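Keep the model open as you read.

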Amino acid sequence: MKIEPLIPETAPFNGEQRLWLNGYVAGLLAGKNFVPANQNGSGKNAATIPLLILFGSQTGTAEKLAKQIAKESKSCGCNSRVVDANEHAKIDWSKETNLLVVTSTYGDGDMPDNAQNFWEWLQTDAAKSLAHLNFSVLGLGDTNYEHFCAAGKKIDARLEQIGAKRIHPLADCDLDYEAKAKNWTNDVLTAFAPEKNLTQRREDAKTVEIIESLRASGTLREEFSKSNPFPARLLTNYRLNSNGSQKETRHFEISLEDSGLNYEVGDALGIFPKNCPELVADILRALNFSGDEMVSLNNNGEIPIRKALKEFYDITKPSPELLKYIGERNSVLGELLLPERKDDLKKFLWGREIIDLLLATPEVKFSPDEFVALLKKLAPRLYSISSSPKTHAGQVHLTVSIVRHESHGRKRKGVASTFLADRAMENPIPVFVQTSYGFRLPANGETPIIMVGPGTGVAPFRAFLHERRAVGAKGKNWLFFGEQRVATDFYYRDELEKMFSDAHLTKLSTAFSRDQSEKIYVQHRMLEHATELWSWLESGAHFYVCGDASRMAKDVDDALHKIIETAGNKSADDAKAYVAKLKSEKRYQRDVY
Ligand code: NDP
């Protein structure tokens, strides 16, 4: 393979360094695992330690991380393979020695869809064929959920139970998983490949340094990512509901021009929001701070606390550390923090935010640094993209439900949704593209698709429909959409009805839940069309669900099973197996939140 030089002649490197860097940078830019010239995998650096990396991933984050770990492990002398947990039956476990599991947790402490089969199998006696393995598990989760990292924890415990040897403790990573995942990877690879020589590690570090200096000098074009978000402009912001609606769902159009960012339909856009300035002011007042006090920011210098609270910290949900700090100084909260009062604490915290705790405990004092150290970092929010780059080049569209409500006598605002709705027109929005490997249109444009997307769940399906039209895909399209009222909440009605009238949208089934006395939901419409839906599935249709995870996705899943049982004339067990097969063939994909 011929590599065009990317490092300019004037850059301060010797011939060998330039040759090496040209190869490395070409690999980086191509997003491929390029092997630099002096490490061709043959001879003394040849990979020797077998390593199987199994991933359970719903949105693609765990899959991406597993691939990164594999890349890194190769430079440590490992011969690594990344395998989808769904493919576990194809693995000859007797030939494996070292196993890493990287998995997210889904829904209510569940396995991601692609790891469900593996988990069921792992609980059978057959899993004892894994007893000889060395293993370690990395779980991805969100501490805002009760069953934090439950999938990773369950797999970790079960592997130990069957006798496999844990070579490194489980890493339970929160939303800002990067640093913890990196430490775990280093530790695990050191455990697997202790002989990886120090010189090699130093060389790797030096390369990173050189690349960084190339970036800093502008020799390398900047790549925007989660760690380096693109400051995007908001072009359009309007409400999709008509007057009289009880909801506020908005359509946003954001410019990605000159960012170099690309996306595919099914991907999500990550947004780093800023907190509401009035809430920041209320918190500063409650703490008796002026806002100008300087606080240190993760060893990156000092900034005024007002800015820190606005841009860098979660100032709504109290962290366990903040609760503990206040509980140690306030007996009422202290009592509620006792392990046996868990349920009472949950009830007490329902609808309460940090500001409520501060106002209720004025005797508890903090220094500015102490206070910010007790907060969690402000995490980016992911929104399913509702446009196709083929029809809206240089733009990304979002369909977002805006959270505003009142609790305990205060008006509350969703951090990111109200940032977009109320405060993003004037200033750039830091954004990145989150690839969603597990939510994709079928490769074959002839394949029929069934899309179930009530509420904001319609977002990726608008993108799918635009994309299929743009590429001339001839496959049939069926959309189930639901909202409260047809008169006020039928998002993208004109577009959808037009697509239906010109037959691009083969079927449009709507469920308006509050237009009659009894609730009608999308799953009721699915059941009404059971025979037809079954025949679409039998003709190879892909089945997609997007929207609410807590109730809708479960009810739609139940309806799908019921349709397979009744229209497909199958037993409950056979229907379960049919759904499992749909999942393993990636014909049943979900993007739920
Ligand atoms: P919803 O999912 O709340 O509502 C859309 C439609 O689905 C409505 O007609 C609703 O009916 C109906 N519905 C309610 N329960 C079910 C069910 N079990 N099965 C099928 N349909 C049902 O729409 P949104 O898009 O606004 O919200 C989607 C999800 O996103 C919700 O879980 C919401 O809490 C969450 N969300 C999270 C935000 C965040 O910042 N984290 C922001 C906004 C939303 P009805 O209401 O009449 O019962």
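α3 (116-122), α20 (552-566), α21 (572-584) and β21 (588-592) each give at least two residues to the lining of the second largest pocket. Helices (H or I, at least four residues) and strands (E, at least two) are DSSP runs, numbered from the N terminus. This is a predicted model, where local features need pLDDT of at least 70, side-chain atom pairs count only at pLDDT 80 or more, and totals for chains, interfaces and linings use all residues. Residues are numbered from 1 along each chain as its sequence is written, and side-chain values use heavy atoms, leaving out hydrogens and water.

The volume of this second largest pocket is about 630 Å³. A pocket here is an open set of points on a 1 Å grid over the protein atoms alone, where a 1.4 Å probe fits, with protein on both sides within 12 Å along at least five of seven lines; lining residues have an atom within 4 Å of a point. Of its 24 lining residues, D113, Q116, D557, K583 and R590 lie nearest the centre. Because domain 1 (45-212) and domain 4 (449-592) both contribute to the lining, the second largest pocket lies between them.

Now for the helix pairs, with angles running from 0 to 180 degrees between N-to-C directions.

| Pair | Angle | Axis distance |
|---|---|---|
| α2 (residues 61-74) and α5 (residues 178-192) | about 40° | 11 Å |
| α20 and α21 | about 120° | 9 Å |

The angle makes α2 oblique to α5, and α20 and α21 are therefore oblique to each other. Oblique covers what is left after angles under 35 degrees (roughly parallel), over 145 (roughly antiparallel) and 65 to 115 (roughly perpendicular).

Methods: Points joined across faces, edges and corners; volume = space filled by probe spheres on them. Domains from an automatic or database assignment.
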